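Me: I would like to learn how to read side-chain features in a model like this one. Could we go through them one at a time?

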Amino acid sequence: MAASKPVEPPSGTGLPRWQLALLVGTPIVLGVGAVYLWNRSRKESSGTGERITPEGSASPSQGQSDGARAAPDQENMSPLDRAQAAKNKGNKYFKAGKYENAIQCYTEAIGLCPADHKSDLSTFFQNRAAAYEQQLKWTEVVEDCCQAVELNPRYIKALFRRAKALEKLDNKRECLEDVTAVCILEAFQNQQSMLLADKVLKQLGKEKAKEKYKNREPMMPSPQFIKSYFSSFTDDIISQPLQKGEKKDEDKDKEGEAAEVPGSSGYLKAKQYMEEENYDKIISECTKEMESGGRYTAEALLLRATFYLLIGNATAAQPDLDRVINMQDANVKLRANALIKRGSMYMQQQQPLLSTQDFNMAAEIDTRNPDVYHHRGQLKILLDQVDEAVGDFDECILLRPDSALAQAQKCFALYRQAYTGNNPSQVQTAMDGFEDVIRRFPKCAEGYALYAQALTDQQQFGKADEMYDKCIELEPDNATTYVHKGLLQLQWKQDLDLGLDLISKAIEIDNKCDFAYETMGTIEVQRGNLDKAIDMFNKAINLAKSEMEMAHLYSLCDAAYAQTEVARKYGLKPPTL
């Protein structure tokens, strides 16, 4: 797709993205791999039950159920026994839905309990918090859970109940810290706490990204990224080199030709700057073309919109794209290209219906444009509509048989369908298809990269490594390939030093590669270097090309920060590499 960084399709792992760490070979064009952030080998969730009912005794004797103790003569009972009796009475009221009576009993138990019996006292506070929770008294819930946690810092029920109350009070930061502690204590085995963590992280990420993205300074991506972006189009007028009739006056004079276009054309200057990789001047030159009412107004609008998208300014890009699309007398290829780019923009904004409408309209107005089918095929993969994606790739290949990228992506779509469907024979057919693609298109780096992803899935690590080497040979300045190769070393050989060296090389090649910083951050989380991880995530945040990407990165950063706070407060740390 024409999006600056595609949305990841479902990975089939069921893991939220804040848990991702060692990417298992996400391909260059379509991000689909997933691995773990905090637990490297997560099992299926073993618990989903609500923590609603109050607890019995803090440490019941073997064979003794809650409330089973005989009620001796009150005069002969110890203070602790009297407290337990009050608590048991409160439990009965709780189960009967008489929460105010239960609160009175738990309050009595708290008053009777000796201060040195911290475990029992913490239970009484937690039980009273449970009753307050049923009355939706969130502040009281937090206060009682704080007392319980102070007495028993690793009290899962109290931590989780406080997390839920903090969420209700819109205190997401402290809610996240509590639920992070719960996740670590439960070894990530309880779906309920995992879902709350995921929910809060997404909310925090969206809130922060919305504010940050609105006020961010536009940033031009690296030349390698820009060239890679334009290489995904084969029928795009604005990305083609200057034609003979478009040459600047001085160039045409050298060729002995008459000057056909004034040298002051902003659009032609912008195109010249593109060839020179002087990208920072393109938007201003396109604006001059439009303000002068030049003959290339439609082209200038589309080129300016494209660079607005590249610097992450979708708000400025959309009006330009809208104008081109509505120019009935404009070249149909310009309008179709604008629809592709607006559709990709909508997909990044998580508006798949509008995205699909734009791609379908592009196919209607320019039926023989291979770019339409190529990019719509990628959209269909993101929407998990693999059969339709394959149909679009086939149409693209029919129109442009030399489209190596479409052929490779078709193989990848078929592979993912077979892999997630657990169909070994179809997996092998797709793998054979990759071999055919790299044989027929030996200079297509993306073909090797996508094949490497599939090989990694199949644990054919040695051959996957060879494929990444071919990518580097063909595109030595592609930082993303170094990141993938580095991740492969971690998964294959557990060679942390080599993996980090390769990712560092990626940053050296392209210091605007947000993917490299994000990956470095996730690895540092697993190493337990949380401060360094947070620094890496913040660098990636400043380079994010869309609000959605930024929200995801904030989620990773907040997850790491929450771990630092949990480690500081409770001494809890997840396993590290």
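Me: Over which ring does the charged end of K493 sit?

Reply: This is a predicted model, in which local features need pLDDT of at least 70 and side-chain atom pairs count only at pLDDT 80 or more, while totals for chains, interfaces and linings use all residues. Residues are numbered from 1 along each chain as its sequence is written, and side-chain values use heavy atoms, with hydrogens and water left out. A charge sits over a ring if NZ of Lys or CZ of Arg is within 6 Å of the ring centre and within 35 degrees of the ring normal. Here the charged end of K493 sits over the ring of W492, 4.3 Å from its centre, and K545 lies over the face of F225, at 4.5 Å from the ring centre.

Me: How many aromatic pairs are there?

Reply: Rings of Phe, Tyr and Trp (its six-membered ring) pair if their centres lie within 6.5 Å, and planes under 30 degrees apart count as stacked, over 60 as edge-to-face and the rest as tilted. The count by this rule is nine aromatic pairs. One of them joins Y229 and F230, which are edge-to-face because their centres lie 5.4 Å apart with the planes at 85 degrees. The pair of F230 and F307 is tilted, with centres 5.9 Å apart and planes at 40 degrees.

Me: Is F307 buried or exposed?

Reply: Buried means under 20% relative accessible area, exposed over 50%, and partly exposed in between (1.4 Å probe, protein chains only). F307 is buried at 0%, as is F230 at 9%.

Me: How many disulfides are found?

Reply: A disulfide is a pair of cysteine sulfur atoms within 2.5 Å, and a search of the whole structure finds zero. The sulfur of C146 is 7.3 Å from the closest cysteine sulfur, in C145, which is too far for a bond.
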